[in-house]
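Try each task on your own before you read its solution.

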Amino acid sequence: MAYKKLDGSEGATFTITSVNSVASGMVCRNYLGVDSSTQMDQTPVISDGVATTTPAVTGITTVTDNAMLAVMIGINSSSTTITENDAKLTEAIENSGGKKCELDDDLFATAGATDTFAYTLGGSRAWGGIVMALRPAAG
């Protein structure tokens, strides 16, 4: 997962180069209303696991009310389905090409610890996930 703070100097396209020869998937999402000096409310939490149909992405502890949680999971498959099991998040985007990945998000109203984020896969696959908490802008 990569992120970029937009500052107005962006062109119409950008390139992300992998450091390894691996197949991957990508989704892109723009978040408005994020604190301009401290975008991350906490250090992102990364988790991964061996092949399973029930991965659980480790949660995060926020320190600011109304942080935007962005949870991404990617799997080693281009065809297996990904379903987020909890009503805590809303699916923001799922890619349709390359290795499958899904980005789910929602506001976390009161600062504190989240639960883990449970998923169901349509087949047993190795997986990786990340949880980011975006700090809201003041006001």
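**Exercise 1. Find the partner of Asp105 in a salt bridge, and work out which parts of the chain the pair ties together.**

Step 1. Recall the rule: a salt bridge is a side-chain nitrogen of Lys or Arg within 4 Å of a carboxyl oxygen of Asp or Glu.

Step 2. Asp105 makes its salt bridge with Arg29, and the closest N and O atoms are 3.0 Å apart.

Step 3. Strands (E, at least two residues) and helices (H or I, at least four) are DSSP runs, numbered from the N terminus.

Step 4. Check accessibility, where buried means under 20% relative accessible area, exposed over 50%, and partly exposed in between (1.4 Å probe, protein chains only). Asp105 is buried at 6%, while Arg29 is partly exposed at 41%.

A note on the source: this is a predicted model, where local features need pLDDT of at least 70 and side-chain atom pairs count only at pLDDT 80 or more, while totals for chains, interfaces and linings use all residues. Residues are numbered from 1 along each chain as its sequence is written, and side-chain values use heavy atoms, leaving out hydrogens and water.

**Exercise 2. Describe the salt bridges of Lys88 and Glu94.**

Step 1. Lys88 meets Asp115, with 3.8 Å from N to O. Lys88 lies in the loop between strand 4 (82-84) and strand 5 (90-94), and Asp115 in the loop between strand 6 and strand 7 (117-121), so this pair links parts 27 residues apart in sequence.

Step 2. Lys88 is partly exposed at 31%, whereas Asp115 is exposed at 52%.

Step 3. Glu94 pairs with Lys100, the closest N and O atoms being 3.0 Å apart. Here Glu94 is partly exposed at 25% and Lys100 is buried at 14%.

**Exercise 3. Asp35 is buried: what does its side chain have around it?**

Step 1. Asp35 has no salt bridge, and the nearest side chain of opposite charge, Arg135, is 5.7 Å away. For charge, Lys and Arg count as positive and Asp and Glu as negative; His and the chain ends are not counted.

Step 2. A polar atom of the Asp35 side chain does lie 2.7 Å from the backbone nitrogen of Thr38.

**Exercise 4. Work out how strand 8 pairs with strand 1 and strand 3.**

Step 1. Two strands pair if DSSP finds at least two bridges between them.

Step 2. Strand 8 runs antiparallel to strand 1, joined by six bridges; among them, Thr52 has Arg125 as its partner.

Step 3. Strand 8 also pairs with strand 3 in the antiparallel sense, over eight bridges, and Ala70 is partnered by Met132.

Step 4. Seven of the ten residues of strand 8 are buried.

Methods. Polar contact = N/O pair within 3.5 Å; in protein donor to acceptor, adjacent residues only side chain to side chain.
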